[in-house]
Amino acid sequence: MVGTMGVALSVCTLPGQVTSDRLGPGKMELGLGIHGEPGAAVADLQPVDVVVSHVLKQILSTETNYVPITRGNRVVLMINGLGATPVMELMIAAGKAVPNLQLEHGLAVERVYTGSFMTSLDMAGFSISIMKADEVILKHLDATTKAPHWPVGVDGNRPPAKIPVPMPPSHSMKSDESLGRPLQLSQQGHVLEVTIEAAAEAVVNLRDRLNEWDSKVGDGDCGSTMYRGATAILEDKKKYYPLNDAAETVNEIGASIRRVMGGTSGILYHIFCKAAYAKLKASSKSGITSKQWAEALEASIAAVSKYGGATAGYRTMLDALIPAAAVLQERLSAGIDPSTAFILSSEAAIAGAESTKHMQAQAGRSTYISPEILASVPDPGAMAAAAWYRAAALAVKDMYQAS
């Protein structure tokens, strides 16, 4: 009832013997034995989804009838590490295997076990096992045991047992087909497009410097993370953003960020956009005023502060955005031209970001860094926020000067 196939990137060490070098760099072996016995084939290294798909086809082949498993059956999946494969990589393989079994092979996956259950010392790779299941089998698998490495999870989360029907990918969660880039842009829509483009390109151009700063005070990927978000925004803007509707456009920016950015910054920027969307949605649909934009910025800052736990002086992106919002409200209340107020507030954002050099971090990964190191560089998140905010302000100013 069980079909198994292994994939390895290295041959295991046999105690007292010289390790075989039959697997060179960039090669993998399919079907090799647990003690290093030669497998069915040696091939070039492939992406994990390709490898998993191939292994599952071999196990479940209707031509060889290796195991009596057919469409509609209930199965149990085991992803087993061979000794030198991190759990995270095993989880990636499991994440590829479950939907493949459901969608490609029409099987109901009842349980998934991921871990190193039978290893081969230091062999890099994994094996996939598929077992036909019924209620009796599942009952035995869920039974309590003192075996130290058997993951009994009677009340734990499991993948859906029902076989899903594949649906076409959807960019947005909304069913409103009217959302998308309009054929004709209004004046506000044109301004919004140019502003978004300028802000995103500023982040793209700053990627390497952000990574350099973050390598000293963080995990070195702030620029790459922000770059992913910015490039997704530039791409999605061409098709999905209803630019004549400011609120919905901000919401779609949040959707782009949520899809690709990841990490803490991705979560916080998604919250930022959601808060702005909620504020703008309550505003007039005929056109968003500069005052309403300023209020949306303040709502976004409040949301990020609430859920991120940071405020002014914590050495985060808020140290750029809080002074910017304050200056923007102050200048608009004084009756200054909105584009000028925007420019002045962006100068405050730059100054606020630069001032983070003199702050001791109180939120995020930088809290673990010594003050001497922190004093050498500004906070990357603050600098990124200041950069896109400044670029947006300059774009608005240039547009209104040109008109």
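How many disulfides does a search of the whole structure find? The search finds 0 disulfides, a disulfide being taken as a pair of cysteine sulfur atoms within 2.5 Å. Cys-12 is buried, with a relative accessible area of 4%, and Cys-222 is likewise buried, at 13%; here buried means under 20% relative accessible area, exposed over 50% and partly exposed in between, with a 1.4 Å probe and protein chains only.

The model is a predicted one, in which local features need pLDDT of at least 70 and side-chain atom pairs count only at pLDDT 80 or more, while totals for chains, interfaces and linings use all residues. Residues are numbered from 1 along each chain as its sequence is written, and side-chain values use heavy atoms, with hydrogens and water left out.

The largest nonpolar core holds 66 residues, of which Leu-210, Met-226, Tyr-269, Trp-388 and Tyr-389 touch the most other members; such a core is a set of buried Ala, Val, Leu, Ile, Met, Phe, Trp, Tyr and Cys residues joined through side-chain atoms within 4.5 Å. Helix H13 (residues 380-402) gives the most to this core, with 12 residues, helices being DSSP runs of H or I with at least four residues, numbered from the N terminus. Beyond its neighbours within four places in sequence, Trp-388 is in contact (heavy atoms within 4.5 Å) with Ala-199, Ala-202, Val-203, Tyr-269, Phe-272 and Leu-321. A second, separate core of 26 residues includes Met-5, Val-75, Leu-101 and Leu-107.

In helix H5 (residues 207-217), the buried residues are Leu-210, Asn-211, Trp-213, Asp-214 and Val-217. Seen down the axis of H5, these buried residues fall within an arc of 165°, so they line one face of the helix, the arc being that of the directions from the helix axis to the C-beta atoms.

Methods: Helices (H or I, at least four residues) and strands (E, at least two) are DSSP runs, numbered from the N terminus.
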